[in-house]
Amino acid sequence: MTRPAQYSGMLDATDRVTGRVDYTINHELPGMLHARLLRATTPHARITRIDASRARDLPGVALVLTGEDLKNRRDVTPYHGPVFRDQPVLAIDKVRYVGDPVAAVLAEDPDVAAQALELIDVEYEHLPAVFDPLEALRDSAPRVHDSPPPLGATFSDLVIHTGPSSNICNQFQLRKGDVERGFAEADFVFEDTFRSPAVQHVPLETHACLAQAEGGRVTVWSTTQTPHPVRAQLAEMFRLPISAVRVIVPNLGGGYGGKSYTKLEPLTAILAYLARRPVRLHLRRDEEFVTITKHAVIIIMKTGIKADGRIVARKSTCYFNTGAYADIGPRLIKNGGYATGGPHAIPNVWVDSYAVYTNLPPAGAFRGYGVSQAAWAYETQLDMIAARMHTDPYDLRMRNLLVDGDTVMTGEVIHDCHFRELLSRAAQAIGWDADEQPQRVGNTVRAKGLSCIIKSTVTPSTSTASVKLNEDGSVNVLTSSVEMGQGVKTALAVIAAEKLDIPIDQVHVSEVDTDVTPYDQQTTSSRSTHSMGNALMHAMDDVREQLLRLAAEEFEVFSEDVVLKGGRASVIGSPSRSAAYSELISRARRGNLLGHGTFSTAGGLDPETGQGIGSVHWHQGAGAAEVEVDLDTGRVQVLRYHGAVYAGRVLNPVQAELQTEGSIAFGLGQALFEEMVYDGGQLLNANLGDYMLASFKDLPEIGVSAVEHLEANEIHGIGETSLPPVMPAIGNAVYRATGVRIQELPITPEKVLRGLRELRDG
Amino acid sequence: MDEDGQLTLSLHVNGRTHRVKARAHHTLLEVLRTQLKLFGVREGCGVGMCGACTVLLDGKPVSSCLLLAPLAQEKDILTIEGLQGASGELHPVQQAYIDHTGFQCSYCTPGFILSTVALLSEHPDATEDQAREYLTGNLCRCGSYVKILESVMDARDRLRRP
């Protein structure tokens, strides 16, 4: 078959290298005020008194707002959250983590706003605090929330399991087969515990919001990946019809999940409403660190296996630390929970997964969405099992990887499986050989490690798109997909241009503006190229139908006899009877042709068994790492890494590589050094001096395989799939090199040295 | 200094002299963004660790978030907006970044490009290792490093050509 259309690179590349990309922080409005926030300095306390009078009296201060001012208002609701409405825009009565916003100051001059913060006096009655999810589950633990928080209009497939008075924010369970019978049939049963810490997304552009509230409307320019959920929530808070709320999203300077759902928008909009002036809030880096994090988790994994290497049962208990507010935690623990089933054909699976409130910054969506934590557990454990059974970890994986017709952990029969090919490609790329001994050179030792993962995409979900075929034959695509560097606009332009067979420079993909661009659930979950891409295909088909009808009328033929090619409609077999799209539109006096498309997936899981449709299709990835460990310092350097990912059809080969290479760099940091370090709830490394990101010096030689299967005619998103394999592949390589098995991320020199000493001391 | 604590500064930015008002504690980054609206200069970390706010000061890369604006007087300041030629043609380094797509979200890109310009002016024959070392102070959270390195090496070859 002929290769479908592709484009390499980004359509707005020139803007990107000249500093002209439009970000939210570039926007300002006449009369705009700057907001600064006073934040809690204690993890859990009652606010007994706030005195903001000195701040209010400071010349240049326009408004000082506290939770006290909000709690009895009837015109706005001061609580938000995508599942539970449990997060106040400013602390009301109580603070629940160090960094919880307590008061906001508005001033025209940012220096004055900063000065005013220091004039606000807050008195606290300190309460016992809890930081560890296991401790938080004890009966004697302090309660982060005094009563169960109110549930909002939430995801249709999400069932909430919460206790009446506990720190369990939500619980998910999965029951496939009969796990106890599975363990009874197993020749070996292994139980191990794995931990991942909280890390931060660290988008170089921190959260920012500019809000205006006047004339019965609320408008925000915001750094959000989820414009429509934000719009709906603002409408609810201000008791407005959704049509009265407008969310505009310029390009994002990185998101990685951290810019999902309401963050700054509710507070900034309320401030603008009360001050009757536009307000901008732009977080400093230390504030970004305490706004949202990846979930820290403890996973206890018990796996039963036959002597021939077939896994027959797995039981996972997952304690996700969701922090002080639910955010999307109640949903993430579902995905992270069932993900512990892995890309393996296991007949009996049991999962209990908990989101637990603690007095730490809220945890939410983070690239990988729970799967990184799950994969760290199951891919590390599989390697441990291989070592215990004296078998090759590559063969053990191959033996268990899902193939077409198997059932995944949620009970669905899976098709279009490529796990074996992906693992094989990754392994071959780094020269994996089971018999290869670690290479010792001086005080360093080198070895290789593997991993393979499965990830769902949000299901059910809905995307819609509109297109305008203009009077000159050019196309405007109206979409609410957010461009954050993943190249979604270019991918959509490829699809639109291909459908009408016009040059890609004739297509313009819109900015997000909910007044104009139609509904999209969210730019997350590696879903946009697939979901929005399909919605756009439907919209383009709508326009194609109209063009074909116009041409059929014009040339007095059946529309089946017309072909659309090269920007023209032509009668098949009669090339002289042909008209440009622009001519057809103007002759018919149509102005433009409007097309609309909706793409919606169905699914969801049974709340008792976790069985059903977990994902419209399953993302598949594998990784292989070669590391060098310094035996004197414990330092791990990754020398080579190969990521293999299933892409279905690649629309943009360069962007596909970039997303995969980026996932690998992202995972490298989480494997080796990224960790939010707390002392008594106080974050100790909320700056880029103490919190390390992967830089050029950490970069291994990277290889990428984006595997296609054009016959399947399906696009798979690849924004996250290459991330979860990174951490276990590196950990497994470190084990092969040194015999040291690290079960808690990150793999720091201290842990490696401690492991080496334990091995030496027996 | 006026009654509002503002100093009048004279800054030479992208070949032109600007008179701006700033307080003594304002950074060059703040002044370039808020007064001159040079939005290619971007704050990432505020402590000189990420390189997103890199500008060239007399040809040397500096973190504009760490430099107090008054101290930047009498220096030639180059931002990404000043890198294009008089008639808008792209600098060879910019063209190389386009040709290799050495970016994703692009927030860090102006800093990387300016650091690359400085690297290749100091070391016209820079090796890959030298480039990695020199650019370690610029962070790309999207992880576009592979393509950035390709861009840098290609830019080196373009600039070396007579």
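The legends below describe close-up views of a predicted model. Local features are given only at pLDDT of at least 70 and side-chain atom pairs count only at pLDDT 80 or more, while totals for chains, interfaces and linings use all residues. Residues are numbered from 1 along each chain as its sequence is written, and chains are lettered from A and ligands numbered from 1 in the order in which they are written.

**View 1. Domains of chain A.**
The assignment for chain A lists domain 1 (31-127 + 207-282), domain 2 (296-401 + 409-458 + 606-761) and domain 3 (461-600). Domain bounds come from an automatic or database domain assignment. Taken over C-alpha atoms, the centres of domain 1 of chain A and domain 2 of chain A are separated by 37 Å. Their contact takes 18 residues from domain 1 of chain A and 20 residues from domain 2 of chain A; two residues are in contact if their C-beta atoms, placed from the backbone, lie within 7 Å. On the side of domain 1 of chain A that touches domain 2 of chain A there are eight nonpolar, seven polar and three charged residues. In this classification Ala, Val, Leu, Ile, Met, Phe, Trp, Tyr, Cys and Pro count as nonpolar, Asp, Glu, Lys and Arg as charged, and the others, Gly among them, as polar.

**View 2. Helices α11 and α18 of chain A.**
Helix α11 (residues 371-388) of chain A packs on helix α18 (residues 726-738) of chain A at an angle of about 30°, and their axes are 8 Å apart. Helices (H or I, at least four residues) and strands (E, at least two) are DSSP runs, numbered from the N terminus. Axes are lines fitted to C-alpha atoms, for helices over the stretch in contact, and angles run from 0 to 180 degrees between N-to-C directions. α11(A) and α18(A) are therefore roughly parallel to each other; angles under 35 degrees count as roughly parallel, over 145 as roughly antiparallel, 65 to 115 as roughly perpendicular and the rest as oblique. The crossing of α11(A) and α18(A) is right-handed. A crossing is left-handed if the near helix is turned anticlockwise from the far one by less than a right angle, and right-handed if clockwise. From α11(A) the contact uses A:Ser372, A:Ala375, A:Trp376, A:Glu379, A:Thr380 and A:Asp383, and from α18(A) it uses A:Met727, A:Pro728, A:Gly731, A:Asn732 and A:Tyr735. By class, the contact of α11(A) with α18(A) has five nonpolar, four polar and two charged residues.

**View 3. A three-stranded sheet of chain A.**
The open sheet has three strands in the order β24-β25-β26 (chain A), with antiparallel pairing; two strands pair if DSSP finds at least two bridges between them. β24 (562-565) and β26 (574-580) of chain A are the edge strands, each with a single partner strand, so one side of each has no neighbour in the sheet. From one strand to the next the twist averages 30°. Four bridges join β24(A) to strand β25 (residues 568-571) of chain A in the antiparallel sense. Across this pair, A:Val562 stands opposite A:Val571, and the bridge partner of A:Lys565 is A:Arg568. β24(A) and β25(A) form a hairpin with two residues between them, and A:Gly566 in the turn has a positive phi of about 60°. Helix α15 (residues 528-555) of chain A lies across β24, β25 and β26 of chain A and runs at about 125° to β24(A).

**View 4. The five-stranded sheet of chain B.**
Mixed pairing holds an open sheet of five strands in the order β2-β1-β5-β3-β4 (chain B). The edges are β2 (16-22) and β4 (60-63) of chain B, each with a single partner strand, so one side of each is left without a neighbour in the sheet. Neighbouring strands of this sheet are turned by 45° against each other on average, direction ignored. Strand β3 (residues 54-57) of chain B pairs with strand β5 (residues 76-78) of chain B in the antiparallel sense over two bridges, and B:Leu56 has B:Leu78 as its bridge partner in β5(B). Helix α3 (residues 109-122) of chain B lies across β3 and β4 of chain B, at about 30° to β3(B).

B:Val93, B:Gln94 and B:Tyr97 in α2(B) meet B:Thr109, B:Ile113, B:Thr116 and B:Val117 in α3(B). In chain B as a whole, 37 residues are in contact with 40 residues of chain A. α2 (92-100), α3 and α5 (145-160) of chain B each supply at least two residues of the side of chain B that touches chain A.
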